[in-house]
Amino acid sequence: MAGQTVSMKEPVCLIENDNDGKLRVVRSALDILDQIDQHVVVVSVVGLYRTGKSYLMNKLAGERKGFALGATIQSKTKGIWMWCVPHPEKRDHTLVLLDTEGLGDVEKGDEKNDNWIFSLAVLLSSTLVYNSMGTIDNNALEKLHYVTELTEHIKVKSNQRDGEESSEYLRYFPSFVWTVRDFTLTLEVDGRPITANEYLENALKLRTGHSKKDQAYNLPRSCLRNYFSPRWCFVFERPASGDKMRRMEELTDADLEPAFVEQAKEFCDHVFNEAKTKTLKQGLKVTGRLLGNLAETYVSAIRSGQIPCLDNAVLALAQIENSSAIERARAHYQKGMADWVAYPTETQEELSEVHAVMEKEAVAIFINNSFKDEDQKYQLELMKVLQEEYEKICERNYKESQKACESKIQCIFAPLEEKIRDGSYMTPGGYKEYCNDLKLATSEYRSEGGRGVKAEEVLNEYLGRKASIGEAILSADQSLTEAEQRAEVEQVKREASERENRAMEEQLVVQERLRADQQRTYEENVNQLMERMERDSRNAIAEHDRVLQARLKEQNDLLRQGFDDRAHQMQREIDTLKGAKAQEEEKKPSFMSTALDTVGTAAALFLPGILPKVGGMAVKWLSKWF
């Protein structure tokens with residue numbers, strides 16, 4: 001099912017500084033993100049102030065105006081501003097653009113705030129755009145010192161050791177795009193034409209020396225190489241003359257240099273097609289609502305003087321999101337049942353079919369909005385919640401059926417009741433007349449629709465209460481011989497037994513249907529759980545592989561550039577990644593088997609109808625997936 005999204009007409013502030021200078025999340029912006037159920041592609045732009053960052057973001061939004069552009073030396077953007085628009089290429093995705101305040105603003109003079117803004121841009125985005133002017137030289141890389149301090153402002157694990165392997169950061173950090181504005185150089189090395197990407201990688205080459213100067217030179221380059229993969233570069237010529245530059249918001253593409261327009265288009269096309277969905281560890285895809293919770297979690301940690309911890313953030317969010325997923329699934333189920341069930345249903349099967357559809361959708365809502373439910377605690381809670389909801393609906397269906405049946409009996413048997421009251425049957429031949437009237441009324445009642453699942457039970461109870469009246473009429477009928485009266489008594493007993501059997505059979509059908517519902521509930525939950533676990537396992541393996549390939553590429557680059565010692569040191573990290581990937585692949589069958597046992601055993605406590613089949617189900621599902 002396609003999720004909800006929003007299309008904002010203009011950007012709003014997501015993170016700002018309060019009166020005390022501390023960062024805070026703007027509630028109204030969170031309310032917007034909370035409406036977005038779709039997965040999000042989050043593109044953040046960072047860079048020194050007055051380098052034209054906001055212009056690029058407006059182009060990505062498909063608008064000339066939006067994020068503030070300034071023609072003076074003052075920084076226009078303060079904090080982090082957000083613009084959510086439907087993704088132009090990815091179906092059922094929302095593109096979230098985050099424009100950050102310019103780094104290094106001399107008026108602001110707050111280096112600590114700059115570091116946090118840069119860190120938040122890294123934490124929240126799936127693609128990080130770094131915007132600079134001129135060329136990528138040592139001066140430009142020194143200005144990007146924020147990247148060298150990321151590990152001081154972001155932790156992966158709460159018990160993280162100093163020098164934590166960069167692969168742990170690679171799992172969380174976004175892809176990296178360096179945009180170079182007002183570029184005037186020719187893209188070539190030693191007379192050989194090169195691409196912008198090659199220009200960036202050439203600028204990130206390390207020095208072989210070991211002096212402090214060499215170490216200072218290598219530090220920002222090593223951080224970019226170790227923390228961000230993949231990396232791209234786009235260069236832009238100057239868009240227009242100085243006079244026009246002061247009126248950028250008013251200009252159309254026709255007013256700008258054709259080369260710049262083409263370069264801007266190539267950049268936008270790259271972002272639209274290559275920027276990935278925002279994910280957390282193990283490939284968990286992030287929705288707008290989850291992105292808002294992430295922002296709130298990270299900023300809360302910063303406000304309290306702590307360093308944002310990625311693993312802790314995921315665990316905290318899992319509790320919030322999983323509880324929310326249960327409530328959203330419950331609400332969907334309740335609304336669906338209210339919309340589609342007309343009480344009383346003619347049969348239990350009719351109610352069961354609606355329940356099956358709505359339960360399947362509710363479980364899907366939970367599965368798609370929950371994560372890290374590793375012991376299936378929340379899914380079991382959902383199963384229990386939906387079973388309780390269904391039982392309440394069944395109980396209402398019983399009561400509505402009883403009311404409908406009693407109403408129909410009152411109407412259909414009214415003439416018979418009137419004759420009983422006025423003594424019409426207490427005459428010779430009256431018993432035969434009574435039996436005929438009773439038979440006709442019973443037949444008419446059974447031909448009526450809208451009686452529901454207690455039709456025979458209510459009829460049996462009613463006719464049972466009339467047994468003594470029938471006996472009185474039979475005793476008073478002098479036209480019958482003693483033998484005929486005995487025969488009529490036996491007939492009454494047979495009819496009563498037949499009605500009792502019909503009522504019991506009616507309830508047995510209901511109970512069997514309910515047991516089948518419980519079995520189907522278990523199977524539906526297991527089916528969707530297995531699909532989700534299979535998907536999660538694929539994502540985890542793909543993440544391992546992505547990080548592993550990035551480290552192998554870096555190792556090969558180091559070897560090619562003559563850094564044999566660094567490449568050798570990286571081998572331990574690569575071996576660890578290979579082992580983690582192999583372990584993920586090996587644990588899948590046992591992990592799924594444990595999950596099946598957990599769900600089956602716990603679910604049997606409130607779904608007793610599944611108890612005899614749980615063990616067989618485990619074999620069935622594991623044989624299906626492996």
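This is a predicted model: local features need pLDDT of at least 70, side-chain atom pairs count only at pLDDT 80 or more; totals for chains, interfaces and linings use all residues.
Eight strands make up an open sheet with mixed pairing, and reading across you get S2-S1-S4-S5-S3-S6-S7-S10. Strands S2 (23-25) and S10 (231-235) sit at the edges with a single partner strand each, so one side of each has no neighbour in the sheet. On average, neighbouring strands here are turned by 20° against each other, ignoring direction.

Next come the helices on that sheet. Helix H7 (residues 196-203) packs on it by touching S7 (175-181) and S10, and the direction of H7 makes about 115° with that of S10. Helix H10 (residues 258-274) lies across S3 (39-47), S5 (93-100), S6 (127-133), S7 and S10, running at about 160° to S10.

What about the nonpolar packing? In soluble globular proteins, nonpolar side chains tend to be buried together. Here the largest nonpolar core has 104 residues, and Met82, Phe118, Trp178, Phe228 and Phe267 have the most contacts inside it. Helix H3 (residues 111-124) supplies the largest share of this core, eight residues. Take Phe267 as an example: leaving aside residues up to four places away in sequence, Phe267 touches Leu56, Leu60, Val129, Val177, Thr179, Phe234 and Phe236.

There is also a second, separate core of 25 residues, with Ala329, Met337, Val385 and Tyr398 among them.

How values were computed. Residues are numbered from 1 along each chain as its sequence is written. Side-chain values use heavy atoms; hydrogens and water are left out. Two strands pair if DSSP finds at least two bridges between them. Helices (H or I, at least four residues) and strands (E, at least two) are DSSP runs, numbered from the N terminus. Axes are lines fitted to C-alpha atoms, for helices over the stretch in contact, and angles run from 0 to 180 degrees between N-to-C directions. Contact means heavy atoms within 4.5 Å. A nonpolar core is a set of buried Ala, Val, Leu, Ile, Met, Phe, Trp, Tyr and Cys residues joined through side-chain atoms within 4.5 Å. Buried means under 20% relative accessible area, exposed over 50%, partly exposed in between (1.4 Å probe, protein chains only).
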